[in-house]
Amino acid sequence: MIEIEQSILNVFKANSSKEFSTSYLAKEIYTQEYETADTLCLSSDKITIQEGKRKKTELHRKILYYLNKTLTL
């Protein structure tokens with residue numbers, strides 16, 4: 001978990017004056033998981049698309065959790 005927080009801080013250190021979306025952070029931190037979710041969203045099956053969107057939402061929540069945890073320290 002500390003690695004994830006450190007990865008988030010490294011992204012901000014690289015471009016301290018820029019604002020980042022949670023999508024960008026999720027792509028940078030959870031690369032494989034985000035690609036998998038993205039692939040699922042490109043499917044023609046509605047259930048598979050919903051699963052992909054659900055996985056993306058989970059990644060966004062994780063990023064927000066770690067951002068909040070980092071800010072409260």
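Glu 28 is partly exposed, with a relative accessible area of 43%. Partly exposed denotes the range between buried (under 20% relative accessible area) and exposed (over 50%), with a 1.4 Å probe and protein chains only. Glu 28 belongs to helix H2. The model is predicted: local features need pLDDT of at least 70, side-chain atom pairs count only at pLDDT 80 or more, and totals for chains, interfaces and linings use all residues. Residues are numbered from 1 along each chain as its sequence is written, and side-chain values use heavy atoms, with hydrogens and water left out.

Helix H2 spans residues 22-29. Helices are DSSP runs (H or I, at least four residues) and strands likewise (E, at least two), numbered from the N terminus. Leu 25, Ala 26 and Ile 29 of H2 are buried. They lie on the same side of H2, because they cover an arc of only 100 degrees around its axis. The arc is that of the directions from the helix axis to the C-beta atoms. The cover over these buried residues includes helix H1 (2-14), helix H3 (31-41) and helix H4 (46-71).

Thr 48 is found in helix H4. This residue is buried, at a relative accessible area of 19%. Its side chain makes a polar contact of 3.0 Å with that of Asp 45. A polar contact is a pair of N or O atoms within 3.5 Å; within protein, one must be able to donate a hydrogen and the other to accept it, and residues adjacent in sequence count only if both atoms are side-chain atoms. With neighbours within four places in sequence set aside, Thr 48 is in contact (heavy atoms within 4.5 Å) with Leu 40 and Ser 43.

The protein as a whole has 4 helices and 0 strands. From the N terminus, the order is α-α-α-α. The C-alpha atoms fill a box of roughly 40 × 20 × 20 Å along the principal axes. Of the 73 residues, 27% are buried. Among contacts with a separation of 6 or more, 51% involve residues 24 or more positions apart. The accessible surface comes to about 5,500 Å², computed by the Shrake-Rupley method with a 1.4 Å probe; for residues, only the protein chains shown count as cover. Carbon and sulfur atoms account for 51% of that surface.
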